[in-house]
Amino acid sequence: MDPELPVVRLCVAGMQAEAEGRAGAARALFQQAWDSAADDYEACIAAHYLARHQNSPEETLRWNQECLDRADRVGDERVAGFYPSLHLNMGHACRQLGRQALAHTHFVRAAERVEQAPEGQYGDWNRIAIAAGLRDTAGAHEDSAHEDSAHEDSAREGSAGEGEAGAGGVPRSLDEAVDGRVRELVSRWCARGELMALGLVLPAYLGYLGTAADRVRLRSALHMVHAARRLPADEQAELGAVIGSAALR
């Protein structure tokens, strides 16, 4: 985003107000950004922040949908990196209203676009939140045929592109046996404050979405911890076995 755009500057000021605990001032600044938006791109930015300051789940969903619709109207590279977060927010909003199946649909679409999110902590946060959303709604069934009909055209063109998703484009979870072994190692590291290992492994583990790139990311993180040789002998052996498992090849 261009930091010199008036809408962006208003939203930055709103985020500063949020950080200072001035929720009313923040909402007023975001509303000013919305009112002054000159096109769909600027309206998309403002709607994203306005959605955070609504008084009901229904209004939160409405503003998140407005944000997504505006991004679809823009349809160029300026908004490509927005989609993981946009669908993530739609998923959370749908869950608040008990619409679990539709929430799952948006978490899947967020996962399909996650590689377009900016790298670094923001990208890691998106991955972790998307993975959590997918797990929490994995058992959801379609509530009715019409629930998704209004959303079928929402940002389908960007897929993970690696042939690793399951039926219907749903990303696969980590192999259950391997997941349990990694979870046990992470629990031990948490118990004794093994910060280096946790710092390397947790982003890749919590943000695992089942693609080939995710397997490489997790295997690399585990390998770095193993190569450091700072763990007790039993954990070194277990970590080596996990790295060599078929699920991570």
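1. The lining of the largest pocket is made up of 13 nonpolar residues, eight polar ones and one charged one. Please keep in mind as you read that this is a predicted model.

2. How much space lies in the largest pocket? The answer is about 490 Å³. Its lining has 22 residues, and those nearest the centre are His48, Arg52, Ser85, Asn89 and Tyr122. Helix 3, helix 4, helix 6 and helix 8 are the elements that each give two or more residues to this lining. Helix 6 gives the most, with six residues.

3. Next, look at the largest nonpolar core, which has 45 residues; Ile45 and Ile130 touch the most other members. At least two residues of this core come from each of helix 1 (6-19), helix 2 (23-36), helix 3 (40-50), helix 4 (57-74), helix 6 (83-96), helix 7 (100-113) and helix 8 (121-136). Helix 3 supplies the largest share, eight residues.

4. Which residues does isoleucine 45 contact, once neighbours within four places in sequence are left aside? They are Met1, Val7, Val8, Cys11 and Phe82. There is also a second, separate core of 21 residues, including Val201, Ala221, Val225 and Leu239.

5. Finally, find arginine 229 in the loop between helix 11 (212-228) and helix 12 (233-243). Arginine 229 is not a glycine, yet its phi is positive, at about 55°. Is arginine 229 buried or exposed? Its relative accessible area is 63%, so arginine 229 counts as exposed.

Key:
Residues numbered from 1 in each chain as written. Predicted model: local features only at pLDDT ≥ 70, side-chain atom pairs only at ≥ 80, totals over all residues. Heavy atoms only, no water. Core = buried A, V, L, I, M, F, W, Y, C linked by side-chain atoms within 4.5 Å. Buried < 20%, exposed > 50% of the residue type's maximum accessible area, 1.4 Å probe, protein only. Helix = DSSP H or I, 4+ residues; strand = E, 2+ residues; numbered from the N terminus. Contact = heavy atoms within 4.5 Å. 1 Å grid on protein atoms, 1.4 Å probe; cavity = no way out; pocket = protein on both sides within 12 Å on 5 of 7 lines; lining within 4 Å. Points joined across faces, edges and corners; volume = space filled by probe spheres on them. Nonpolar A, V, L, I, M, F, W, Y, C, P; charged D, E, K, R; others polar.
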